[in-house]
Amino acid sequence: MKKTLLLAAALASIALLPAGVARASDAAAVLQTYGDIAQAAYSESLTTAQALSSAVDALIASPSDETLAAARKAWLSARRPYQQTEVYRFGNAIVDDWEGRVNAWPLDEGLIDYVDAGYGSENPENAFYTANVIANPKIIAGGREIDATEITPALLSEELQEVGEIEANVATGYHAIEFLLWGQDLNGTGPGAGNRPATDYDTANCTGGNCDRRAAYLRAATDLLLDDLKEMADAWTPGGAARAELADKGEAGGLATIFTGMGSLSYGELAGERMKLGLMLHDPEEEHDCFSDNTHMSHYDNVIGIRNVWFGRYEGFAGKSVEGASLRDLVAAKDAAVADDLTAKLDASLAAFEVLRSRAETVEAYDQMIGEGNEEGNAVVQAAIDALIVQTRAIERAVAVLGLDEIAFEGSDSLDNPSAVFQ
């Protein structure tokens, strides 16, 4: 979810690196690589989403187990480059302000479609909890009437996204599409993901009701995703809005932006909100890709994304690989030991997430790992969290070595004030 980040007020006005840090040209080259990686990763996010769009078309045209499986596979492929871009959040306002349109979570899925009775029929905090747009062309809730007769991208983005100013009313993005492809995961912390039947899109043999409107919603949500990803891919082209925003910060401000993304994703967002919170609550609703049981890969690719901007390398999924001047080399020029230490901590985190990924692919899904009483699974998740926390401390030392002003990384009550989680 979108959060607010505070940087030292003077940071943005610094035009050059402090004396003795490194040559300005080195910093400029690092920022160039950082922008090039963003351009490649967002471009590949768009390319893989276009493949998803084609698979969605095939599912809608000819619903079957095969076309549904192909659409799900395309969604999983589309997640990979996107999750590696999340390191560009937090420090880049243009990304953080946009992100909620494509990756907001968790979502109250009853806003979109039918749900199991165990979901409940109302939520005192959300009048749209079970609005079920797919089943209801007219919605009256929260003192509002919404005309949903025609399901369009504009309806989703302008009327339904965060309707009632409630963040859990997620109507767009990857997770709305995920829900429409998989359906609810009703297995709790037991085995199994969502199991929506292909006949939910078969107007001749319709299950779940309103198959034509469900197809229209899936098509509209996919079209919106394409538009949003194109916007961000364009923003990172040379001369684009995101590159211009970064350049306006000066070189020290640009480097601080890189570290802000690394530290905030590592600590508050991934270790805290996406992992520790769910582990503390033993709640599968707190896992990131909760319908598809793809959470382990989303977390893994966040870790890869952090490494990408440190090493100045991006290994593309569709031929858009990048390699250039690295933040690691910039830090090493000032203090090789600190650079080596952060590299070692990043490697340790990757190893912990390799263990988590392997367990998810061979033993049990992530939502099972965080289940109450699963000591071995809990320990694997906690080890990954611990590695991220240690990694964040090493990022802070690298910031200090470059003499940058203090940066406030994103926090999480689950790490900073655990008692508040249960209040």
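Mentor: Let us begin with the terms: axes are lines fitted to C-alpha atoms, for helices over the stretch in contact, and the angles between N-to-C directions run from 0 to 180 degrees. Please keep in mind throughout that this is a predicted model.

Trainee: What describes two packed helices?

Mentor: Two packed helices are described by the angle between their axes and by the distance between those axes. In this structure, helix 9 (residues 295-311) and helix 11 (residues 336-362) have axes that come within 9 Å and cross at roughly 160°. Angles over 145 degrees count as roughly antiparallel, and helix 9 is therefore roughly antiparallel to helix 11. The crossing of helix 9 and helix 11 is left-handed.

Trainee: Which residues make the contact of helix 9 and helix 11?

Mentor: From helix 9 the contributors include His299, Val303, Ile306 and Trp310, while those of helix 11 include Leu342, Leu346, Leu350, Phe353 and Arg357. Sorted by class, the contact of helix 9 with helix 11 has 14 nonpolar, three polar and five charged residues.

Trainee: At roughly what angle do the axes of helix 8 and helix 9 cross?

Mentor: The axes of helix 8 and helix 9 cross at roughly 165° and come within 10 Å, and these two helices are therefore roughly antiparallel to each other. Their crossing is left-handed. Ile258, Met262, Leu265, Ser266, Leu270, Arg274 and Met275 in helix 8 meet His299, Asn302, Val303, Ile306, Val309 and Trp310 in helix 9, and the residues of this contact divide into nine nonpolar, three polar and one charged.

Trainee: Which cysteines does a disulfide join?

Mentor: A pair of cysteine sulfur atoms within 2.5 Å is taken as a disulfide, and by this rule the count comes to one disulfide. That disulfide joins cysteine 206 to cysteine 211, with an S to S distance of 2.0 Å. The torsion about the S-S bond of cysteine 206 and cysteine 211 is about 95°, so the disulfide is right-handed.

Trainee: Is cysteine 211 buried or exposed?

Mentor: Buried means under 20% relative accessible area, so cysteine 211, at 2% relative accessibility, counts as buried. Cysteine 290 counts as buried at 11% relative accessibility.

Trainee: Which backbone features deserve attention when I go along the chain?

Mentor: Most residues other than glycine have a negative phi, and most peptide bonds are trans. Asparagine 210 has a positive phi, near 55°, and lies in the loop between helix 5 (174-182) and helix 6 (211-235); asparagine 210 is partly exposed, with a relative accessible area of 31%. Histidine 282 also has a positive phi, about 50°, although it is not a glycine. The place of histidine 282 is in the loop between helix 8 (250-281) and helix 9, and histidine 282 counts as partly exposed at 25% relative accessibility.

Trainee: Where is the cis peptide bond?

Mentor: The cis peptide bond joins tryptophan 105 and proline 106, with omega about -15°, and proline 106 is found in the loop between helix 3 (93-103) and strand 1 (138-141).

Trainee: What separation do the C-alpha atoms of alanine 27 and glutamate 251 have?

Mentor: These C-alpha atoms are separated by 6.3 Å, while alanine 27 and glutamate 251 are 224 residues apart along the chain. Alanine 27 is found in helix 1 (residues 24-61) and is buried, with a relative accessible area of 0%.

Note on methods: Residues are numbered from 1 along each chain as its sequence is written. This is a predicted model: local features need pLDDT of at least 70, side-chain atom pairs count only at pLDDT 80 or more; totals for chains, interfaces and linings use all residues. Side-chain values use heavy atoms; hydrogens and water are left out. Helices (H or I, at least four residues) and strands (E, at least two) are DSSP runs, numbered from the N terminus. Angles under 35 degrees count as roughly parallel, over 145 as roughly antiparallel, 65 to 115 as roughly perpendicular and the rest as oblique. A crossing is left-handed if the near helix is turned anticlockwise from the far one by less than a right angle, and right-handed if clockwise. Contact means heavy atoms within 4.5 Å. Ala, Val, Leu, Ile, Met, Phe, Trp, Tyr, Cys and Pro count as nonpolar, Asp, Glu, Lys and Arg as charged, and the others, Gly among them, as polar. Buried means under 20% relative accessible area, exposed over 50%, partly exposed in between (1.4 Å probe, protein chains only).
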